Amino acid sequence: MTTQGSLTGRERVNRMFARQDQDRIPRHESFWPETITRWQEEGLSGEQSDVLDLLESDFGQVTWMWPSPFRGQGRTIQQDASTRVVRDEHGKLARYWKNKSGTPEHLGFDCDSREKWEQVYKPALLNTGLQVDVHAAKRAFRRARELGQWAYVAGVESFEQTRTMMGDEITLMGMMEYPEWIRDVSVTCTDVMLRNLDAIVAEGVHFDGLWTYGDMAYNHATMCSPATYRELIWPDHKRLAMWAHAHNMKFIYHTDGDINGVMDLYVEAGFDCIQPLEAKANMDIRTLCPKYGQQLAMFGNCNVMKYATNDRAVIEEEIRAKLEAGKKTRGYAYHSDHSVPPQVSWETYQFIIDLVKRYGKY
Amino acid sequence: MAELQELTQVIIKGNRAEAKRLTQAAIDAQVPARQVLDALVAGMDEVGRRFQRNEVFVPEMLIASRAMKEAMALLEPMLVKAGIKPEYIAVIGAVQGDLHDIGKNLVAMMWRGANFQVVDLGTNVPAEKFIAAVKEHRAQVVGLSSLLTTTMPAMQAKVKAIKDAGLGSLKVVVGGAPITQDFAKEIGADGFSPDAAGAVDLVRKLLAA
């Protein structure tokens, strides 16, 4: 077991959630794959996991869950020198880069009607067996415990699952015209997720937190109105949070974008933590912490656009100011506000690690 | 005219069936095509204003755009007959390296809703393709979108290439999640909009000047 200071990572994160004294703020990070590739060219000896070791990350992932109706049936339809068109496990037709990451181009969504949902997709989702490798989860959980890490299961929630199967336009217009359909999709996706979570716990994997991913906002606002979110998706977000609490776990919600308009709904649903708090989308923990800091732990908000300047003075002020704001609540963990992009040099990121360590002490 | 005011309202509400019915009724009643067009555009303009105030969101904008599109399909022959042309011609695309398209699609919808002719080049668009489309369609404005911070350098290169192509008074506007006003100015773009609704006013201001 590794510890830094007097606490293990798990103890530190648990104390953060309880707003108790800690030796330092918990830490974690995400990176674009191209960033790691650049850093390897610039002298990084290792992979992403090695960077997280240098950062002294407190978090360990047990498994990743993204339920799909056609598990294992994705296939490449066509390809050229740089991209690949894939009919994936969600029925979506999309073009992906072959040699770099990035949001895919959505070419078509097969689940484009209520009839197709009810006749094909819903039965397929409900009748697909377990969508997690429970044995791999057990191994990862044991390792996280050995390393003293706060162990979490990560997964995609129902709004993101719906958009993945049906696309943005069908989903969002469906919210207006066929809300009961969208509600049914959200309920079904959440039922499948909970079934898989129950299977993990049944194997004795009592992890510490459920970290769900959805992107329900962009830089201007939430994709749908708060009222629509409350009616159609929020009840299932609340179910996930309740499931976590019933198992003595915490609930972290990841979303990009401007979520200022729904923070009260997150509090009402019992969320424990919001990540990554995208700075360029009007999210700022200097105003969020005083208002929500006792109900919601804040995890992130250090602006990657400032990291990308590679300007040390700019970066230091960003980290100093944000960590100072977060520490006031004792409910803050370090993360950038998105994923660290390849514009950031390896030298700069090592400087960032030093700053996080320096300004992150209590 | 009360029916045209009602047409504006059903566009705002995204009621496609009523939008088509009222448009056809106006055509049948030989209401001048320009008046019908103005009523439709007024509806989309109001949707844009409400979107910027966070009174409506993307779903409402999408159904309004669809109602507008279907009404325009009925009206278009009348517009052609009356010699009424699109207000502006715009080319739009996501820059090379970026496959994301929802933001670009929303801008294209709002531009069409404002009676711009829009040539949508899709995603992963190289500079040469933007330039060729501008020349072919005699566009007055080109819109570049970028979702990822990783494609921002590519946007800078595109703007430079387009500006260097000698395309006269063409205006270059940019947008997307990582794009800011400062960045737009830094790379020599003529304008920036933080959202799809603002992209309509931006073009009108730039091209009216």
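Residues are numbered from 1 along each chain as its sequence is written, and chains are lettered from A and ligands numbered from 1 in the order in which they are written. In this predicted model, local features need pLDDT of at least 70 and side-chain atom pairs count only at pLDDT 80 or more, while totals for chains, interfaces and linings use all residues.

**View 1. The contact between chain A and chain B.** Chain A contributes 32 residues and chain B contributes 22 residues; two residues are in contact if their C-beta atoms, placed from the backbone, lie within 7 Å. On the side of chain A that touches chain B, two or more residues come from each of β5 (105-109), α6 (158-177) and α12 (304-307) of chain A. Here helices (H or I, at least four residues) and strands (E, at least two) are DSSP runs, numbered from the N terminus. The largest share of this side, 7 residues, belongs to α6(A). Sorted by class, the side of chain A that touches chain B holds 15 nonpolar, 10 polar and 7 charged residues. Ala, Val, Leu, Ile, Met, Phe, Trp, Tyr, Cys and Pro count as nonpolar, Asp, Glu, Lys and Arg as charged, and the others, Gly among them, as polar.

**View 2. The antiparallel sheet of chain A.** In chain A, 4 strands form an open sheet in the order β2-β3-β4-β5, with antiparallel pairing; two strands pair if DSSP finds at least two bridges between them. Strands β2 (75-79) and β5 of chain A are at the edges with a single partner strand each, so one side of each has no neighbour in the sheet. From one strand to the next, the twist averages 25°. Strand β3 (residues 83-87) of chain A is joined to β4(A) by 5 bridges, and A:Arg84 has A:Tyr96 in β4(A) as its bridge partner. The hairpin of β3(A) and β4(A) has 4 residues between the strands, and in it A:Gly91 takes a positive phi near 85°.

**View 3. Strands β4 and β5 of chain A, with helix α6(A).** Strand β4 (residues 92-97) of chain A pairs with β5(A) in the antiparallel sense over 4 bridges. Opposite A:Leu93 stands A:Gly108 in β5(A). Helix α6(A) lies across β4 and β5 of chain A and runs at about 95° to β5(A). Axes are lines fitted to C-alpha atoms, for helices over the stretch in contact, and angles run from 0 to 180 degrees between N-to-C directions.

**View 4. The parallel sheet of chain A.** In this open sheet of chain A, 7 strands follow the order β1-β6-β7-β8-β9-β10-β11, and the pairing is parallel. The edges are taken by β1 (59-65) and β11 (332-333) of chain A, each with a single partner strand, so one side of each is left without a neighbour in the sheet. Strand β6 (residues 150-156) of chain A runs parallel to strand β7 (residues 209-213) of chain A, and 5 bridges join them. A:Tyr152 is placed opposite A:Gly209 in β7(A).

**View 5. The two domains of chain B.** Chain B is split into domain 1 (2-81) and domain 2 (89-208); the bounds come from an automatic or database domain assignment. Taken over C-alpha atoms, the centres of the two domains of chain B are separated by 25 Å. In the contact, 11 residues of domain 1 of chain B meet 11 residues of domain 2 of chain B. On the domain 1 side, α3 (33-52) and α4 of chain B each supply at least two residues. The most, 6 residues, come from α3(B). This side of domain 1 has 7 nonpolar, 3 polar and 1 charged residues.

**View 6. Helices α3 and α9 of chain B.** The axes of α3(B) and helix α9 (residues 196-208) of chain B come within 8 Å and cross at roughly 120°. The two helices are therefore oblique to each other; angles under 35 degrees count as roughly parallel, over 145 as roughly antiparallel, 65 to 115 as roughly perpendicular and the rest as oblique. B:Gly48, B:Phe51 and B:Gln52 in α3(B) meet B:Ala197, B:Gly198 and B:Val200 in α9(B). This contact has 3 nonpolar, 3 polar and no charged residues.
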